[in-house]
Structures are given as C-alpha cells and as structure tokens.
Amino acid sequence: MLKKTLALVSLFLVGTLLFSFQEKPKVLRTIIIDAGHGGKDVGARGAFSYEKDICLGVATRLGEQLARTAPDVKLLFTRTDDSYPELHTRARMANQNKGELFISIHVNAAPPVQHKEFTGNKTVVSYVGKGKKRKKVTRQVPQYRYYSTPNPAKGTETYIWGAHKNEDKEVAMRENAPMLAEENYQQNYGDVDVNSADFIALSLLKTKQFFKRSATLAGLVEEEFAKVGRVSRGQRQRQVGIWVLQATAMPSVLVETGYITNRAEEDYLNSENGQEEIANCITNAVKNYMGWLEKNQISAQQGLTTGVQKQKATETFLNQIEAAEQRRQQAR
Ligand SMILES: [Zn+2]
C-alpha cells in the first residue's frame, strides 16, 4: 500500500515537474512573406525598374533577416522567383500553412503631375459673309503648353484591411469562421444562438483582436521607417486593391515601401542598401510585435483559421446565419 502511494506521489511529482518545465506557447510560429506582383504582372513602373523586382528583392532580404532575428519562426514565401501566383492561391497557401502573420511587400506609385502653361496669344484670321459683304475678322486665341513632371510623392505607407462601421458585423462573422467551423462545434459551444446579440457582440470582440494585431504591427513598421529617416505617411486602412489581406485569415499588413515614381526613391528601392534597410525596419517591427504579443499574452492561434475546407463550410454556415438574421430583421 505504501509502495503504491509512493509510486503515485512520485508520478504526480514528475508530472508536475514536466508540466512546469513545459515551454511556454510561442506567440508566433509561422510568418508568410508575400512579394507583390510577379511574372506577367509587373506592378508599377518607374524610370528604369518594375515594382515586382523590388518586391522580390525586399521580400528575400526580409526572409534572411527574420531567419537570423527569429530563428524559431517558420518562414514561408508566396513566391521566390519571377512567377505570378494568383492572389487566391497566395491566400490559400497562407491559410493552409497555418500562417500566423501575413506580410505583403509592395511599391507605391503616383501619377505624373499635369501642367498647363500660358505661352501667349495667337492671332487667328477668319472671314465672314459673302461677296461684297465679306469681312475679315481677327481674334486673339490664348495658347497653352501642356506638360507633365514626375510626382514628387515619396515615403512609406503600411495598410491594413479596413472595415467600415456598417460592415463590422460581416467582418466579425468572416473572422470568426474558424470557431464556427470546428467539427465539434456543437460539443464545444453547445446550442449557442449565433443570431443573438450577445453572440454578435462576441464576434465583434474577436474581430477587434484580429484588427488590433494588424494595426499594431502596421504602426510598428511605420515607426521603424520614421526612425531611419524615411517619410512615414502612416498606418492606413483601405479595401481597394488589398483583397489578399482580407482573404488571409490571420493578422496581415501590406507595406508600400516607397514610390517608384519618385526618381530618388526609385534609386533607393533598387539599391542593396535601400532594400536591406527596408527589410531591417520590418524585421525590427516584427520583433517588437512579438514582444507586444508576449506582453499581452496573445497566443499565436487566437482567432486563426486553418484550411480551405473549413473556410468553405464556414462560408455556407455564415450565409445561413446571415439569411436567418435578415429574416429576423424583416419580421420586426
Ligand atoms: Zn503593388
């Protein structure tokens, strides 16, 4: 009996020890690095270079620097050569590999500035009337010279997917997809009424966590750019042209690393020093972001989705939820 008790006690002790020595969960395990454009899609054009090549250069250097700074984090690339994976392919790859952060590298462009300059009047002669009544008429017509100059816009911008107020609910549902799609959903969440105000409020809360992580990283990226003397145009939100951010079910940012249409920045963006500096800024920001996650005890998996199958099932499910919601509102 004593032997048995001792054995049990020691088993318990060993278990406790093992448990306490267990590594604390990593805040970030997989980062997806996305070089924008590629192949047939050259992106924006500068005086001598294409956006797609700068994106690949910066993304590659970012990968090298992150591997040194955060050796425990798995890095995956949407492309490593001059190919063009479709946006949905990139998003699917990120989701299937359980990415926990998506960083898309791009280059900005601004249209040339149009000018209209008055160059003087021109005398235009015309005749009116016929026969004896024919008269000579002269008039002055102002002349203009039209020309364009390169847009002086320069600096960096980091975008996150922006949700308009009235779209909050939809975004919340989309981002809650993983929870709702779990196979043992019923078992885990019982018969929660997904149409209830409480549930929707909870969904919004989750969305905000997701949004908060993206916004935090975006802010940190811009902070680093400002530190090295770049013109930081700030952390911004938009929906046009950044579909890929919306499709990745993880915190995600899109970094516009500079203006290819500004000659000085085009030189910088194509230089080794420039690309290393940009990669270094983003690397520092990711490091600070990981520190922030740790400090706030946000686990890597929080709110993340896995797999397309689940997403599909989720979409169907969410459609049903929305339809029910609409019927409920109409009935009021
Ligand atoms: Zn782009």
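A residue is called buried here if 20 or more other C-beta atoms lie within 10 Å of its own, exposed if 12 or fewer do, and partly exposed in between, with C-beta atoms placed from the backbone. The model is a predicted one, so local features need pLDDT of at least 70 and side-chain atom pairs count only at pLDDT 80 or more, while totals for chains, interfaces and linings use all residues. Residues are numbered from 1 along each chain as its sequence is written. Helices (H or I, at least four residues) and strands (E, at least two) are DSSP runs, numbered from the N terminus.

Five of its six residues are buried, so β1 is largely enclosed by the rest of the structure. Strands count as paired if DSSP finds at least two bridges between them. By that test β1 pairs with β2 in the parallel sense, over four bridges, and Thr30 sits opposite Lys74 in β2. Getting from β1 to β2, the chain passes through α2, and this β-α-β crossover is right-handed (with the strands pointing away from the viewer, the path from the first strand over the helix to the second runs clockwise). β1 also runs parallel to β3, joined to it by five bridges, with Ala35 partnered by Ile105 of β3.

Ala59 has a C-alpha 8.6 Å from that of Thr80, although the two are 21 residues apart in sequence. Thr80 itself belongs to the loop between β2 and α3, and counts as partly exposed because it has 13 C-beta neighbours inside 10 Å.

Next comes α3 (residues 87-96), where Arg90, Ala91, Ala94 and Asn95 are buried. Viewed down the axis of α3, these buried residues fall within an arc of 130°, so they line one face of the helix; the arc is that of the directions from the helix axis to the C-beta atoms. After α3 comes Lys98, with a positive phi near 55°.

As for the interior, a nonpolar core is a set of buried Ala, Val, Leu, Ile, Met, Phe, Trp, Tyr and Cys residues joined through C-beta atoms within 7 Å. The largest has 48 residues, of which Ile103, Val221, Val253 and Ile282 touch the most other members. α10 gives the most to this core, nine residues.
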